[in-house]
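Could you walk me through the inner spaces and the contacts of this model?

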Amino acid sequence: MALSVFIVVAIIGVTLAITYFAAKRNTSTESHYVAEGQVGPIGNGLAISGDYVSAASFLGITGMIGIAGFSGFYYATAVPIAYLLVLLIIAEPLRNLGRFTLADAVAARFDGRGLRGALAVTTIVISAMYMVIQFVGAGLLVQMLLGIEFWVAVVVLGGLMVVYTMFGGMLATTWVQVLKTGLLIGATALLLFLVLAKFGPSPLQVTEPLSGDLTSSQPQSTTRTLDVVSQQLALALGVMGLPHVMVRFLTVKDGPAARKSGLVALWIFSIFYMVLPFIGYGAMRALGSGALVDAHPQGNLAIVQLAEYLGGPVLEAIVIGITLATILAVLAGVAIATSGAFAHDLYTHVIKNGKASNEQQLKVARLSLLGIAIVAMVLALGAKGFNLGFLANVAFAVAAGTSLPVLVLSIYWRGFNRVGAVWALVGGLGVSLGLVMISPNVLGPTGLITGVDPLFPLTIPALVSVPAGFLLAYIGSRVGSSRPDAIGTDFAIIERRALIGR
Amino acid sequence: MSLDTSPPTAAGTRLTQPAPDLDSILDIARRRRRISLTSAAAVLVLFMSYIVLTTSTTVLSGTVAGLGLAYWIGFSIFAAVLVVAQVYIRWARRMDVTIDAYLAADEKNGGR
C-alpha cells in the first residue's frame with residue numbers, strides 16, 4: 001500500500017511539474033482552448049488515443065474477458081472502426097472549419113446564438129455524463145485500491161483536475177495525456193511480456209488450454225443481439241460527436257496534421273485492443289474467474305490482481321499508479337472541452353453576443369473549470385451506485401444522435417439548414433434521453449423503478465436515436481427550406497473550406 | 001481537366017506546367033470525399049455484419065489454433081482498418097501536393 005501511494009504521488013508530481021511549465025505559456029484563449037494549434041501530429045495522436053484508452057478499457061475489458069471470455073471483446077472491437085470513421089469523415093473538415101469548439105465548426109455555416117447555445121448545452125450534457133463516469137469509477141477504484149474514502153478520492157481527483165486545466169490549459173492537458181499514454185502502453189507491453197513468459201511464449205498458447213466456449217463467440221437472444229448491435233453502433237459513431245475527442249483535432253496546425261494524428265491514434269488502438277484479450281485470458285488462467293469476481297463483480301481489478309501475481313507488489317503499485325494517471329488525464333481532457341463550450345460558446349457568443357475580450361473570456365474559462373468540477377463532483381457523489389456502463393453507453397448514444405448528425409450534415413449536405421440543425425439537436429437529445437427513461441435501465445426489475453415493465457426493450461438507444469437524429473435533421477431542413485434566414489453561409493464556401501482548407 | 005494527383009517528378013517536369021485552377025482542385029477533392037465516404041460506409045457495414053454474425057449465429061463460433069474464429073475475424077478487421085487508413089493517408093498526401101501548387105500560385109497572384 002505504501003509503495004502504491006509513493007508511485008501515485010510520484011506520477012502526480014510529474015504531472016504537476018508539466019502543468020507548472022505549461023502554465024507559463026497558457027496566457028491566451030488560443031493557448032487555453034487549443035494549445036495555439038501547435039501540438040505535433042504524433043503528440044496529438046498519442047493524446048487522442050489517451051482520451052479514449054481510459055481506465056474503463058484498461059481495467060474493464062481485461063476484467064470482462066477474464067470473467068466471461070469473448071463477450072468482453074465487444075467493448076474493444078468498435079474503437080478502431082470509430083477512429084477510422086473519424087479519419088475518413090470528419091477529422092480534416094473539422095480542422096479546416098473549426099477554431100476552439102465543435103460549435104465553431106457548425107457556426108462556420110450557421111451563425112446565430114440559438115444554435116450555438118443548443119450545441120454548447122449538448123456538449124455540456126455529454127461531457128457531464130462522461131465526467132461523472134470517470135469520477136465515480138475513479139472514486140470507487142481509489143477506495144478499493146488505496147483504502148481512501150470515496151468522497152475524499154473524488155475531491156482530491158477533482159482538485160487535481162482543476163489545477164491541470166485552470167493553470168496549464170490545453171497544453172498541460174495534452175502533455176499529461178501523452179505521458180499517461182506512454183505509461184499505459186509501457187505497462188500493457190510489460191504485462192503481455194510477463195503473461196507470454198508464464199503461459200506462452202506464443203499468444204495462442206495462452207488461450208489453447210481454455211474451453212472453446214470462453215474463447216469463441218456464442219449466439220445470444222434476439223434482445224441481447226439488438227442491444228449489442230445498438231451498443232456497437234453508438235460506440236462506432238458516437239466518437240464523432242464526443243466534444244473532448246473532437247476538439248483534439250483543433251490543436252494541430254492544419255488538415256494534414258489532423259489526418260496524421262488520426263493515423264497515429266489508429267495504430268495505437270489497433271495494437272492495444274488486440275493485446276488486451278491475451279492479458280484478460282492470462283488473468284483467467286493465473287487466478288481463475290472466481291477470484292476475479294470475488295475481487296470485483298465486473299472483474300475491474302483483474303489487471304491489478306494479475307500484476308501482483310506476475311510481478312509482486314512493485315508491479316501492482318505501478319499498475320495502480322498508471323491507472324490513476326489515466327483517470328486524471330481523461331478527466332482533464334473532458335474538463336477543458338467543457339470549459340470551451342461554457343466560456344467560448346455560452347458566455348462569449350450567446351450571453352455577450354461575441355463582444356467579450358480575450359482576457360474576460362480566459363477568466364471565465366478558468367472560473368468555469370472550477371464550477372464544472374464542483375458540479376461534476378456533486379453529481380458523482382450522488383451517482384455512486386449507478387451502473388457506469390449504462391451511463392457510458394448513454395453518453396455515446398446521445399453524442400451519436402445529436403452532435404454527430406449536425407456536424408456531418410453541416411459539412412456534407414447542401415440542403416441542410418439551421419432549422420434542421422436545431423431539430424436534430426433538440427429532437428435527438430429528447431429521443432435519446434426519452435428512450436433511456438422508458439428502457440430497462442429505469443423501468444422493470446433491473447431498473448430504478450421496479451414494478452413497471454420497460455416500454456423500450458433495449459438498454460442502449462442508439463439503434464433508434466441515431467437514425468432519428470438524421471431523420472429529424474432531414475425533416476427540419478425540409479420544413480425550413482423556405483426560410484432565407486435558415487440557409488446560412490453559401491454551401492460552396494463551406495465545401496471549399498472543408499475540402500481544401502481555404 | 002486533369003485529375004492527376006501525382007507529385008512532381010525529380011526532373012520537375014510538372015513544375016513547368018501551369019498550376020491547377022480552383023475548379024480542378026475542387027473536382028479532385030470531391031472525388032476524394034466520395035471515395036472516403038463510400039469507404040467509411042463499407043467499413044461500417046462490414047463491421048456491423050461481423051457483430052450480427054457473432055451475436056446471432058454460430059457461423060463464427062468455431063476455434064482455430066486455440067483461439068475463437070470471431071477473434072481472428074475481429075483482428076483481421078483491425079488490420080483492414082489500418083490498411084484503409086494507410087491507403088487513404090497516402091492518397092491524401094498526393095493530393096496535398098496539387099493543392100499546395102494551387103495555393104502557391106494563388107499567393108503569387110496576390111490571392112483571388
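Here is a short exchange about cavities, a helix pair and an interface.

Modeller: Before you start, this is a predicted model, in which local features need pLDDT of at least 70 and side-chain atom pairs count only at pLDDT 80 or more, while totals for chains, interfaces and linings use all residues. Residues are numbered from 1 along each chain as its sequence is written, chains are lettered from A and ligands numbered from 1 in the order in which they are written, and side-chain values use heavy atoms, without hydrogens and water.

Colleague: Thanks! What is the volume of the largest cavity?

Modeller: A cavity is a set of points, on a 1 Å grid over the protein atoms alone, where a 1.4 Å probe fits but cannot get out, and lining residues have an atom within 4 Å of a point. Points are joined across faces, edges and corners, and a volume is the space filled by probe spheres set on them. There are four cavities of 30 Å³ or more, and the largest has a volume of about 120 Å³.

Colleague: Which residues lie nearest the centre of the largest cavity?

Modeller: Its lining divides into nine nonpolar (Ala, Val, Leu, Ile, Met, Phe, Trp, Tyr, Cys, Pro), one polar (the others, Gly among them) and three charged (Asp, Glu, Lys, Arg) residues. Of the 13 lining residues, those nearest the centre are Tyr412(A), Leu499(A), Arg32(B), Arg33(B) and Tyr88(B).

Colleague: Which helix gives the most to the lining of the second largest cavity?

Modeller: That cavity has a volume of about 80 Å³. Its lining includes Ala337(A), Ala341(A) and Asp345(A). With helices taken as DSSP runs (H or I, at least four residues) numbered from the N terminus, the one that gives the most, with three residues, is helix 15 of chain A.

Colleague: At what angle do the axes of helix 4 and helix 15 of chain A cross?

Modeller: Axes are lines fitted to C-alpha atoms over the stretch in contact, and angles run from 0 to 180 degrees between N-to-C directions. The axes come within 9 Å and cross at roughly 145°.

Colleague: Which residue of chain A forms a salt bridge with Arg32(B)?

Modeller: Chain A and chain B bury about 4500 Å² between them (accessible area, 1.4 Å probe, lost on being put together, summed over both). Three salt bridges cross that interface (a side-chain nitrogen of Lys or Arg within 4 Å of a carboxyl oxygen of Asp or Glu). With the closest N and O atoms 2.9 Å apart, the partner of Arg32(B) is Glu92(A).

Methods:
On a 1 Å grid over the protein atoms alone, a cavity is a set of points where a 1.4 Å probe fits but cannot get out, and a pocket is an open set with protein on both sides within 12 Å along at least five of seven lines; lining residues have an atom within 4 Å of a point. Helices (H or I, at least four residues) and strands (E, at least two) are DSSP runs, numbered from the N terminus. Buried area is the accessible area (1.4 Å probe) that two parts lose on being put together, summed over both.
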